[in-house]
Amino acid sequence: MAAPAGHLRPGRYLAFFALIVVALYALVFFTGSGKPTPKLGIDLQGGTRVTLSARSPDGGDPPRESLEQARSIIERRVNGIGVGGTEVILDGSNVVITVPGEQGDQAKALGKTAKLGFRKVVTSQPVTPVPQPSTPPASGAPSSAPPASSGAPGASSAPLSSPANGGGGAAAAPQQQPDESSDEKTKKEIEEARSVRQNPDLMSTDQAKLTAAAEKAFASLNCAANVSDPLVGNDLTDRPLVACGDKNTMKYLLEPEFLPGTEISDASSAYDTQNSQWVVNLNFKSEGSRIWGDFTSKNTQKQAAFVLDTQVVSAPTIQSAILGGQTQITGRFSQSEAKDLADVLKYGSLPLSFESSDATTVSATLGLASLQAGLLAGGIGLLIVFIYCLFYYRLLGVLTILSLGLSFAIVYAVLVLLGRWIGYTLDLAGVAGLIIAIGITADSFVIYFERLKDEIREGRTFRSAVPRGWSRAQRTILASDAVSFLAAAILYWLAVGDVKGFAFTLGMSTVLDLVVVYLVTHPLVAMVSRSKSKFLSNPKNLGLGAVQQLGSERKAARPAPGRPNVKEA
């Protein structure tokens, strides 16, 4: 409870408030590297919203646990590549990514991040634009493939020889038709390749049939012709895989997966100053370290393919046994290539596959129009409140306007700092919350002033009414703001997407309303009540003239102390 007017020291309250404002704006202007403005959402500054639809291997509804795990991994991936102000939420079986600014292309690429695994390379071969009849390398003879460049163009990779039982050879080249166009030839190649990869022997438990079918699929695959063919390979970890390199420059025949990507604990890119090259450092978990160490010990000078959603992103050669789980991938990487490979290895292993079902981009022009509309709505709301307060409360209305202005100053500084510290972005829903908060703040002033009027109606002077009115008003203000804050907190907890922004700004403004009422409004009213200025102490100038006259009449009608109020017969 506030001290009586005679004991309250308004100067201390105002000085403390001024100290808060100075501290906030010192943080705004002298800390951080960003502009002293709040971060804006895509509906205010433009940006991209991407919706990723999940698909499970059996075609059913994805488990909620897997969706939440995928959302968490995508969120870490977004944070890892430095996309600021991004929101990643679940909407049913969809993952919705919101990226403010001009970084939407990176968000669109996140849908390609699916299942990561490690497979041994049986054989590899460069892709030629036009298929030519050729004889595969003889058993035990190395092919003439250049270093693998899928996802890691400069990765060291000595091609492996074909297996001893790989006598399946290459499939016969499609028969040439003199009158066929190039498009017709390509279409026929794709259809033949599809039929080969749909060979039921690829699902056979007979190892000989399985090997022959895999080699036939490898021989028929032309990555350059089948760039858009969705039937390349399969994502069954216990079956061989025929896959293309990330840039469709190489094709691979791979053994079943021997190590899942979930066993990776960390991956990062770094510059090796000793050898003047970019490298990728890869660390495994305990079980992954054991499996990787055993594999590298038995497969020195052979290739291990890093496969992301049936695409080979890198296929480096194992130079020596790698024990302990710490691996370094070297090659002629550029900085961006090393970082991209590290990001794929670190964040690429999702429990579900995703496809981009929707990508919405809001132009900066439309975002600016939305921002202007929001500011206009807020300005109109403030103007209406100002007019009402000046008309109804006169000088007390001026104190209301001053308090609202100081409240806005604090809210603005807090929004700027939250944008820097936690990446909070202000969107249209948040602006709506701020506009409604104007009414909540003004309501606190109205409660206080109406309590003053109640006291003056009882015959008290303005000076004596201030402490008594405040002691009664503050309980109502606290209860009202507590209900508003509780509603905002529950809404924030239960809601998703834009509604969270509305709830956040509403709750924040409610808390700051209490700061302004306690440290500014009440001390200013107390100062006015003590003023010796006739202008400030005149009840008419404070909008209290009629109320004070009514209080004087009631006071005069009361019987004097010790004299009973007896009506004459």
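Strand β8 and strand β9 (residues 277-284) run antiparallel and are joined by eight bridges, where strands are DSSP runs of E with at least two residues and helices are runs of H or I with at least four, numbered from the N terminus, and two strands pair if DSSP finds at least two bridges between them. The model is predicted, so that local features need pLDDT of at least 70 and side-chain atom pairs count only at pLDDT 80 or more, whereas totals for chains, interfaces and linings use all residues. Residues are numbered from 1 along each chain as its sequence is written, and side-chain values use heavy atoms, with hydrogens and water left out.

Within this pairing, Y271 stands opposite W278 of β9. The open sheet consists of three strands in the order β8-β9-β12, with antiparallel pairing. Because β8 (264-272) and β12 (326-333) are at the edges and each has a single partner strand, one side of each lacks a neighbour in the sheet.

Two loops contain residues with positive phi. Most residues other than glycine have a negative phi. S276, in the loop between β8 and β9, has a phi near 55 degrees, and Q301, in the loop between α7 (286-298) and β10 (304-308), has a phi of about 65 degrees. Q301 counts as partly exposed because its relative accessibility is 41%, the class between buried (under 20%) and exposed (over 50%), assigned with a 1.4 Å probe and protein chains only.

L494, found in helix α12 (residues 462-494), counts as exposed because its relative accessibility is 60%.
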